[in-house]
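Subject: Structure for your files

Hello,

Here is the structure I said I would pass on. Please open it alongside this message and follow the notes below.

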Amino acid sequence: MNQSPDNEQKKAIVSFPAESLIIKEGEIYTEMYKIISGRAEMYVGYGTDYEVLVSIIGPGACFGEFGLLMNSPSIYTVIAYSDVYALRVTEERLGSFIQDNHASVLQIMKNMAHTMDLMQHQITALSIELSSHTKEHEKKIVEMKKNMLRSFYNPNGMGLKGMTYFLENYESHE
């Protein structure tokens, strides 16, 4: 018995009660969702000291596309803010979803491009921060070496002339 597309689509509609976990960061999901009604919160680091609310999304918004398209762990957690009704899109239904939801597919592509751009900015900022920490660390090491040299050459040992000689030579080789 053949089902009409309307019945097939109805089977793909799922509901999530308010405050329920829909997608958990770090876990692999092989479907994505398009919200029909309700709102959901997207978090990074959900439940940790580094939790960040990324977005509150509503009708028409899609999420879970990374898992569906790449079979990779989710990069965020999605929690139902209110009761959510959503169209569940599996790999088998992806072709018909693309045909029927051109605007959603375009928005998904824009969101992915935006995410990649944001990640590039974050990588650059992290690289700069790491570089400055490395320079500070190098300065501390140089200062520690100088202090060690000072402690080795005290007036009871080689005297101040020996300490001055070695510090001047050490600094000239840096």
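Whole chain

Please keep in mind that this is a predicted model. The protein chain contains five helices and eight strands. Read from the N terminus, the order of elements is α-β-β-β-β-β-β-α-β-β-α-α-α. The chain has 174 residues, of which 31% count as buried. Among contacts with a separation of 6 or more, 67% are between residues 24 or more positions apart.

The sheet

As background, strands of a sheet pair through backbone hydrogen bonds, in either a parallel or an antiparallel way.

Strand S8 covers residues 84-90. Five of its seven residues are buried, so S8 is largely enclosed by the rest of the structure.

On one side, S8 pairs with S1 (residues 13-16) in the antiparallel sense, over four bridges. Within this pairing, serine 15 stands opposite tyrosine 85 of S8. S8 also runs antiparallel to S3, and six bridges join the two. Here lysine 34 has leucine 87 of S8 as its bridge partner, and serine 37 stands opposite tyrosine 85. Tyrosine 85 therefore has serine 15 across from it as well as serine 37, with buried residues making up five of the seven in its strand.

Aromatic rings

A pair of aromatic rings is described by the distance between the centres and the angle between the planes. The model has three aromatic pairs. One of them is phenylalanine 16 with tyrosine 33, an edge-to-face pair at 5.5 Å centre to centre and 85 degrees between the planes. This pair links distant parts of the chain: phenylalanine 16 lies in strand S1 and tyrosine 33 in strand S3, 17 residues apart. Both count as buried, phenylalanine 16 because its relative accessible area is 14% and tyrosine 33 because its value is 6%.

Another pair is formed by tyrosine 43 and tyrosine 46, which are tilted, with 4.9 Å centre to centre and 55 degrees between the planes. Tyrosine 43 counts as buried, at 10% relative accessibility, whereas tyrosine 46 is partly exposed, at 40%.

There is also an aromatic cluster, made up of Phe16, Tyr33 and Phe63.

Surface patch

Which residues form a nonpolar patch on the surface? They are Ile13, Ile36 and Tyr85, and together they have about 270 Å² of accessible area. Isoleucine 36 is found in strand S3, which spans residues 31-37. Its relative accessibility is 44%, so isoleucine 36 counts as partly exposed. Tyr85, another member of the patch, is the residue of S8 that stands opposite serine 15 and serine 37.

Regards

Notes. Residues numbered from 1 in each chain as written. Predicted model: local features only at pLDDT ≥ 70, side-chain atom pairs only at ≥ 80, totals over all residues. Heavy atoms only, no water. Patch = residues over 30% accessible without salt bridge, like charges linked within 9 Å, V, L, I, M, F, W, Y side chains within 5 Å. Areas by Shrake-Rupley, 256 points an atom, 1.4 Å probe, with all protein chains shown as cover. Salt bridge = Lys/Arg side-chain N within 4 Å of Asp/Glu carboxyl O. Buried < 20%, exposed > 50% of the residue type's maximum accessible area, 1.4 Å probe, protein only. Contact = heavy atoms within 4.5 Å. Pairing = 2+ DSSP bridges. Phe/Tyr/Trp six-rings, centres within 6.5 Å; stacked < 30°, edge-to-face > 60°.
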